[in-house]
Amino acid sequence: MNPVAEMKSITKSFGNNHVLKEVDFTLMPGSIHALLGENGTGKTTLMNILGNIIPKDSGSIELFGEVYDEKEVKNQVAFIHQELSLINDLTVFENLFLGRELKKGVFLDKKAMREETEKYIQMLDVDLNANQLVGTLNPALKQITEILRAVMQEAKIIIMDEPTSSLTDVEINHVFNVIRNLKESGVSIIFISHKLNEVLTICDSYTIMRDGHVVATGEVTDDLTEAHLSSHMVGKDLSTDIIYKERPIGEMILELEDLTKERQFKNVDMTLKKGEIIGVTGLLGDGRSELFMSVVGANSPFKGTVKVNGQAVKIKNTTQAMKNNITYVPKNRKENGIISDLSIKENMILPIMNSLDQYGILNSKAIQEHNQRYINELFIKVSDTKNLITSLSGGNQQKVVLAKALGSQPEIVILDNPTQGVDVGAKLEIYSLIMKLAAEGISFIILSSEYPELYNLCDRVYVMFHGEVKHEFRREDLNEEDIMLIATGGSVHG
């Protein structure tokens, strides 16, 4: 069986930054091939070359046994980026035909576009309506809409960059079903992910990159483990020590009493103490993001009482939240976490610009010292902070978002899906930093669907179902099976 794509000795540099160094990559027909590596190791650059988004410096590429033809590649290779490119104010069918609209004379043939869209929706067996506004879709259906667009261009190779980074377990299973349907129809998938358990679940083979080189390739077999993959990714065995450390917990710092917002959450009571780390988890529609967006003034109005240090507060916007020493890291990095037209340096200091000026002029030395501190603490891989934030890998962008939140010196940090798109080694670095800051007295609220994340960090975990808190676990009682049972509407004793 001949490869559908074969890349040999690919090199690529950006200035003095040698991103790819003699990289070989092979994709077989009808396979789901994992492309793994830490943030900044060249995975996305390699795929951008395959997808004809950027040119290679040297090396050779063959597609379907033929020499790579840049004119033909757009019909053969589709790249679904980590940051989705859908337009929320258009319908599903309008997004799918954007730039290649069907016409009847001088008018758009909306009927034909709807019918074509519905045909592919039925083919992939997804619960989607061609007339739905994309802005009303959940993250999984947005991801599936991107996949549909790739399928409709009749691509034989689809590259998926972190397709599940912002999805719940139920949503991930939905997307996986679509991916398996694609495989059955003969499409080859390149699956870029940091979630190694997903790689073992859905992929047939893997390639691992480190520092611009390929360091391992192989088949996904029953005896392949996450530990084996991660050791190749970071070049060493990761510590299996539990990140969580016991530490003194202080006085009550945040109290939520009977918080209610129609159709989003209701009768929510939660508490948080100084230096404590609590988790909030659930499944699609649990309301946790809406709840804490309300707490920081980004989803007003709502009913109920928020108390900070024992005093009831009215927080109507995020500026007021910062004045109460509360900061929030949203889960959608592209839409809410970064400003893509600004540099890394500018993104990092946005919330604290007023504290870094001197006689109305920004203090360059203070900015450099501030940014370098968080670059060091979060191990952000950056060659020059003057570069656009979009020049960083997705994981390093997420670290900049974390740095931006921590830079305001908050007492309470709310992290919604904090390690989205972050590799396994960087996750442990972030977890260790959170634990260190908690020991120094900062309080954290972790909104996450990943049990290992909750177990690594949390003193207590609240489980929500359809907008209500259904159970509170103490650390010693944390159990993945029980959490899933409650998150799906069941109950446990105790």
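Let's start with a salt bridge: Lys-399 pairs with Glu-429, and their closest N and O atoms are 3.5 Å apart. By salt bridge I mean a side-chain nitrogen of Lys or Arg within 4 Å of a carboxyl oxygen of Asp or Glu. Helices here are DSSP runs of H or I with at least four residues, strands are runs of E with at least two, and both are numbered from the N terminus.

A word on the source. This is a predicted model, where local features need pLDDT of at least 70 and side-chain atom pairs count only at pLDDT 80 or more, while totals for chains, interfaces and linings use all residues. Residues are numbered from 1 along each chain as its sequence is written, and side-chain values use heavy atoms, leaving out hydrogens and water.

Back to our pair. Glu-429 counts as partly exposed, at 27%. The cut-offs: buried is under 20% relative accessible area, exposed is over 50%, and partly exposed is in between, using a 1.4 Å probe and protein chains only.

Helix 14 covers residues 394-406 and helix 15 covers residues 424-439. Their axes come within 12 Å and cross at roughly 10 degrees. Axes are lines fitted to C-alpha atoms, for helices over the stretch in contact, and angles run from 0 to 180 degrees between N-to-C directions. Helix 14 and helix 15 are therefore roughly parallel to each other. On this scale, under 35 degrees is roughly parallel, over 145 roughly antiparallel, 65 to 115 roughly perpendicular, and the rest oblique.

Which residues meet? From helix 14 come Lys-399, Leu-402 and Leu-406. From helix 15 come Ala-426, Glu-429, Ile-430, Leu-433 and Leu-437. Contact means heavy atoms within 4.5 Å. By class, this contact has 6 nonpolar, no polar and 2 charged residues. Nonpolar covers Ala, Val, Leu, Ile, Met, Phe, Trp, Tyr, Cys and Pro; charged covers Asp, Glu, Lys and Arg; the others, Gly among them, are polar.

Two examples sit within single helices. In helix 4 (residues 110-124), Lys-119 and Glu-116 lie 3 residues apart, about one turn of the helix. Their closest N and O atoms are 3.7 Å apart. Lys-119 is partly exposed at 46%, and Glu-116 is partly exposed at 27%. In helix 5 (residues 139-152), Glu-146 and Arg-149 are also separated by about one helical turn. Their salt bridge spans 2.9 Å, N to O. Here Glu-146 is buried, and so is Arg-149.

On to the sheets. How many strands form the open sheet with mixed pairing? There are 6, in the order 6-9-10-3-11-12. Two strands pair if DSSP finds at least two bridges between them. Strand 6 (77-80) and strand 12 (213-219) stand at the edges with a single partner strand each, so one side of each has no neighbour in the sheet. Neighbouring strands are turned by 15 degrees against each other on average, direction ignored.

Inside that sheet, strand 9 (residues 157-161) and strand 10 (residues 188-192) run parallel, joined by 5 bridges. Ile-158 stands opposite Ile-189 in strand 10. Helix 6 (residues 169-184) lies across strand 3 (32-37), strand 9 and strand 10, at about 145 degrees to strand 10. Helix 8 (residues 226-234) packs on the sheet too, touching strand 3, strand 11 (205-210) and strand 12.

Another open sheet has 4 strands, ordered 14-13-16-17, with antiparallel pairing. Strand 14 (265-273) and strand 17 (311-313) are its edges, each pairing on one side only. The twist averages 20 degrees from one strand to the next. Strand 13 (residues 252-261) pairs with strand 16 (residues 303-308) over 5 bridges. Thr-260 has Lys-303 as its bridge partner in strand 16. Helix 9 (residues 288-295) packs on this sheet, touching strand 13 and strand 14.

Last stop: Asn-456, in helix 16 (residues 451-457). Asn-456 counts as buried at 15%. Neighbours within four places in sequence aside, Asn-456 is in contact with Ile-243, Tyr-244, Tyr-431 and Met-435.
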